[in-house]
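Subject: Model for you to look at

Hi,

Here is the structure I promised.

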Amino acid sequence: MNTNHDAHQKCLSWAKSNPLMIRYHDERWCVPCFDDDELFAMLSLEGMQAGLSWEIVINKEASIRAAFLDFDIEKVAKFDEAKVVEILQNTGVIRSRAKINAVINNAKMVLKIKAEFGSFSAYIWGFTGRKRVVHELRDLAEMPAQNELSRAVSKDMKKRGFKFVGPVIIYSYLQGVGVIDDHLVGCPHKNYSEQI
Ligand SMILES: [Zn+2]
């Protein structure tokens, strides 16, 4: 085994040999995202994770995306109570009224941000001056649960009325959309560039 292979295996140990999780690690995790609907989708999925494992979310991801119309921000912002009841009956999703309501609430908040900043992407990437934050972790145990950046983003989003955006959820979100790169040193998927 070469070093890269070892680092790759170590880096994706949280994927627990689940093919969907390995694919998430290899193709999406820490990859910069600029698409507003996808940035909203990831925020929603991270919120759905609260109190559960990311693996549960990934296993249900396709059904969750279908239930929320691929997280089309405009459409989700218009979901009414009948739609919430419909989603609550869907066994393929995470059936939490609080989380479903939060997704709908957050879609409305994203629309306000788009009106103010031009795009949700401009808002999210504005916290780092459109730069990636590349950590040099050698072990997953070194990965913080939250940091100064995630606390700042969380605080601002809470002030704007977002729900399920605590600093731990937001840290994971910032990794998910590529603002933070926490691939371990030596993982072939690590991208050392701060530029986007
Ligand atoms: Zn990795």
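Helix H3 (residues 36-49) packs against helix H10 (residues 167-176) at an angle of about 140°, and their axes are 9 Å apart. Axes are lines fitted to C-alpha atoms over the stretch in contact, with angles from 0 to 180 degrees between N-to-C directions. The crossing of H3 and H10 is right-handed (the near helix is turned clockwise from the far one by less than a right angle).

This is a predicted model: local features need pLDDT of at least 70, side-chain atom pairs need 80 or more, and totals for chains, interfaces and linings use all residues. Numbering starts from 1 along each chain as its sequence is written, and side-chain values use heavy atoms, without hydrogens and water.

Which residues make the contact? H3 brings Leu-39, Met-42, Leu-43, Glu-46, Gly-47 and Gln-49. H10 brings Ile-169, Ile-170, Ser-172, Tyr-173 and Gly-176. Contact means heavy atoms within 4.5 Å.

There is also one cavity of 30 Å³ or more (on a 1 Å grid, points where a 1.4 Å probe fits but cannot get out). The largest cavity holds about 60 Å³ of space, the volume filled by probe spheres set on the points. Its lining includes Leu-43, Gly-47, Lys-99 and Phe-164; lining residues have an atom within 4 Å of a point. H3 and helix H7 (97-117) each supply at least two lining residues. Helices are DSSP runs (H or I) of at least four residues, numbered from the N terminus.

Best wishes

Terms used: On a 1 Å grid over the protein atoms alone, a cavity is a set of points where a 1.4 Å probe fits but cannot get out, and a pocket is an open set with protein on both sides within 12 Å along at least five of seven lines; lining residues have an atom within 4 Å of a point.
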